[in-house]
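Me: Could you walk me through this model, one question at a time?
Reply: Happy to, let's look at it together.

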Protein chains: 2
Amino acid sequence: MDQTDRRILALLQQDASRSVADIAAEVGLSQTPCWRRIQKLHATGVIDRTVAILNPESIGLGLTVFIEVEAADHSPEWLQSFTAKVSAMPEVLEIHRMAGDIDYLLRVAVRDMAHFDDFYRTLIDTVALKNVTSRFAMERVKATTAYPLER
Amino acid sequence: MDQTDRRILALLQQDASRSVADIAAEVGLSQTPCWRRIQKLHATGVIDRTVAILNPESIGLGLTVFIEVEAADHSPEWLQSFTAKVSAMPEVLEIHRMAGDIDYLLRVAVRDMAHFDDFYRTLIDTVALKNVTSRFAMERVKATTAYPLER
DNA sequence: CTTGAAAAGAGCGGCCA
DNA sequence: TGGCCGCTCTTTTCAAG
């Protein structure tokens, strides 16, 4: 993956709806080689998928909550049950297994506090947890899915 | 926005590279009305953009760090300077202004610990901070950009 | 809202340098 | 590798039920 690939990726991370010809022109290639590079980036898993990013407010999911979780115990059974059950909850957009005093960090999208309360009850009902801290986001100052690729 | 729009959005959040005809078939519409709905969802800002999602490991940015920040003070000047300067750092993918004891939560993508150390020094050099806690993600158990739309 | 169709545009592949 | 040139498929618009 060379510098040209990186430039292509940078553009596609910003806007994947642009035509190959368009992107090709911007990176100084003609269509075919540019198209071939993009195919290869897909095939090798560098590009995982292309998706529509929605405005959460417009679909009534304006409340983002980060939940810090400490495991009830650290047995393989608990871990597996936790990840399986929590992964299946649609409000949970992300689950990170963490280093340090917190075992898992969840990122959750809900409608409002009532919805969160609902979710929270379900969560603590579904899996045994030692300690849970919820942090509420008031404002999304920056939110991008684009990794930095300069170099 | 009705149920059909929601179904279209659910599909586009999963895979925005599918053809309109394909999506139309799945939601039980013909091409033209389906296409018009998608245009409208763009125009009204429900669909913000469509982007390529990369595999962070494959581009050498496999280390995700969440940084909890307490502001040095809460003056408008500090807040503005903080958001402007930190937004401009490419490693910072997300900035959330939080409720509670933490003022800001950052989500940062870096190559490795050395890169993080670099980033961290730059961060605390760039803006005055009262307290900073870094939490390191060991494993991405779940990561989706798709908001739940069932209903 | 549907179908059908047609023009414009983009994706895709072969072939040559 | 990259570039040129078609063939094919989609997207996009339009007319009409």
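**Domains and interface**

Me: How far apart are the centres of domain 1 of chain A and domain 2 of chain A?
Reply: This is a predicted model, where local features need pLDDT of at least 70, side-chain atom pairs count only at pLDDT 80 or more, and totals for chains, interfaces and linings use all residues. Residues are numbered from 1 along each chain as its sequence is written, chains are lettered from A and ligands numbered from 1 in the order in which they are written, and side-chain values use heavy atoms, leaving out hydrogens and water. Chain A is divided into domain 1 (3–43) and domain 2 (56–136), with bounds from an automatic or database domain assignment. Taken over C-alpha atoms, their centres are separated by 37 Å.

Me: What area is buried between chain B and chain A?
Reply: The contact (heavy atoms within 4.5 Å) takes 62 residues from chain B and 62 residues from chain A. Buried area is the accessible area (1.4 Å probe) that two parts lose on being put together, summed over both. Carbon and sulfur atoms give 58% of the area here, which is about 5900 Å².

Me: Which element gives the largest share of the side of chain B that touches chain A?
Reply: Across this interface there are 33 residue pairs in polar contact, both at pLDDT 80 or more. A polar contact is a pair of N or O atoms within 3.5 Å; within protein, one must be able to donate a hydrogen and the other to accept it, and residues adjacent in sequence count only if both atoms are side-chain atoms. Elements giving two or more residues to the chain B side include helix H1 (3–14) and strand S5 (129–143) of chain B, helices (H or I, at least four residues) and strands (E, at least two) being DSSP runs numbered from the N terminus. The largest share, nine residues, comes from S5(B).

Me: Which residue of chain A forms a salt bridge with Arg97(B)?
Reply: A salt bridge is a side-chain nitrogen of Lys or Arg within 4 Å of a carboxyl oxygen of Asp or Glu. The rule finds eight across the interface of chain B and chain A. For Arg97(B), the closest N and O atoms are 2.7 Å apart, and the partner is Glu139(A).

Me: Which residue stands opposite Met98(B)?
Reply: Strand S5 (residues 129–143) of chain A is joined to S3(B) by five bridges, and the two run antiparallel. Strands pair if DSSP finds at least two bridges between them. Met98(B) lies in S3(B), and opposite it stands Ala137(A).

Me: Which residue of chain B does Thr83(A) touch?
Reply: Thr83(A) lies in helix H4 (residues 76–87) of chain A, and its side chain reaches the backbone oxygen of Gln80(A) at 3.1 Å. Not counting residues up to four places away in sequence, Thr83(A) touches Ile95(A), Tyr104(A) and, from chain B, Val141(B).
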